[in-house]
2 protein chains.
Amino acid sequence: MSVETKDQILDAAERLFAVHGIDSVSLRTITQEAGVNLAAVNYHFGSKEALVTEVFARRVGQVNRERLRLLSEYEARVGAGPMEVEEVLRAFLAPAIYLSQDPERGGMVMQLCGRVYTESKEYMDGVFDELFREIIERFGAAFQRALPELPFREIFWRAHFAIGAMVHTMRDSNKLVRLSKGLCDPSDAESVIERMVQFTAAGMRAPLLPQFAEPQPAAVEAGVSS
Amino acid sequence: MSVETKDQILDAAERLFAVHGIDSVSLRTITQEAGVNLAAVNYHFGSKEALVTEVFARRVGQVNRERLRLLSEYEARVGAGPMEVEEVLRAFLAPAIYLSQDPERGGMVMQLCGRVYTESKEYMDGVFDELFREIIERFGAAFQRALPELPFREIFWRAHFAIGAMVHTMRDSNKLVRLSKGLCDPSDAESVIERMVQFTAAGMRAPLLPQFAEPQPAAVEAGVSS
DNA sequence: GTCTATAGGGGGATAGAC
DNA sequence: GTCTATCCCCCTATAGAC
């Protein structure tokens, strides 16, 4: 059936991209790994670029839906009360890291998701923006609510740093193990998530440096001077 | 002169790798950009892999020497006194970020250095380890001294997260500008460094979660029970 | 939908003249 | 040290039979 072939190609491509990177993997290798014919890629996807985009969109879409589900769940739980930045971060970070425990994929997905961010091509910018539009809106608002005193620009910067910590861990766990001579073990997703939440939450809460404070609104200054 | 040709190739390769990535850039493109003959690459470097390794080693070596210089300077300044984690982080982060102000390279180096970490190939593992051996030793000790209550494993994890924030910023400043719709401006290296030091220092100082505490050494337990 | 065969281009590396 | 010319490989994409 056609759906099977398409999925076999997607699965094989995902596996190979995760290990070797995008540019290094040829359609020949993918179709061989998938056990399908070379021409099937162009029949089902049209081009290698389109295949790459679908591989990434499939997994990122899945992760982002789970992120939004967790955030909605937390929003329902706190109601109108205050938000904890740890919980917002956990909703964002856990779905990506947690996939590494998927027994069917043996830790490959973590690397794959890391590559989504670091190797995304220009031709994917449109898809990428669309996949993250709602994420940015919803999580931006949640961070703003958890850290009301922080200018939005600083929230964006700090979220960017947090994403960097996440992506780097997803991509380069091999390097971490090697450089730490085995001291750090990234194979236990839950403890990775806890460490990451702890680190990034502290970073998000860091005091605001005066040079990055918002300029005072005119109304406030007027009130002081009058 | 031969040195000129070699450097022209290195410069052109660095510039092209920074923009397009390693696998996407051919030797033909590099030699064309450098204004030298195609065969010159194999004459001077032996292979594309060797060229790639030299491009990266040249820049990383330069950054790492500056890191060690700044750390030594700070160590001399504090003498036997306590160390501030901010200063250790600044010595590590600033040299990489600061290069983006190099007027001769117009911000390309930030991307290039980002790729050094995220696209380093297996064949570079040996060179990579050698380039970072002294960095890990010296900065590991400095962090341990600044955060004496933290188990070394946690220092390693947190430094890994900090490196992730750095690398992500170096590589993907375009995406940050685009997704933030211009709100975040990574072109001012000094304010990027300050934000990054602030974020990562807070993360490094985060309280130790009980499940990650070191098991008590036997001598201490013996002392308590006796 | 799936295959074979091939077009058509670009890649890294090298031999050998200068 | 530098060039030209070329070998031989692998790539994506597609035409056309089944």
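**Figure 1. A right-handed crossing of α7(A) and α8(A) in a predicted model.** In this predicted model, helices α7(A) and α8(A) cross in the right-handed sense, with the near helix turned clockwise from the far one by less than a right angle. Helices here are DSSP runs of H or I with at least four residues, strands are E runs of at least two, and both are numbered from the N terminus.

**Figure 2. The angle between α7(A) and α8(A).** Helix α7 of chain A spans residues 125-146, helix α8 of chain A covers residues 152-171, and their axes come within 10 Å, crossing at roughly 115 degrees. That is why α7(A) counts as roughly perpendicular to α8(A), a label for angles of 65 to 115 degrees. Axes are lines fitted to C-alpha atoms over the stretch in contact, with angles running from 0 to 180 degrees between N-to-C directions.

**Figure 3. Who touches whom between α7(A) and α8(A).** From α7(A) come Ile136(A), Gly140(A), Phe143(A) and Gln144(A), and they meet Phe152(A), Ile155(A) and Phe156(A) of α8(A); contact means heavy atoms within 4.5 Å.

Figure 4. Chain A has 11 helices and 0 strands. Of its 226 residues, 51% are buried (under 20% relative accessible area, 1.4 Å probe, protein chains only). Contacts between residues 24 or more positions apart make up 77% of those in chain A with a separation of 6 or more.

Local features need pLDDT of at least 70, side-chain atom pairs count only at pLDDT 80 or more, and totals for chains, interfaces and linings use all residues. Residues are numbered from 1 along each chain as its sequence is written, chains are lettered from A and ligands numbered from 1 in written order, and side-chain values use heavy atoms, leaving out hydrogens and water.

Methods
Parallel < 35°, antiparallel > 145°, perpendicular 65-115°, else oblique. Buried < 20%, exposed > 50% of the residue type's maximum accessible area, 1.4 Å probe, protein only.
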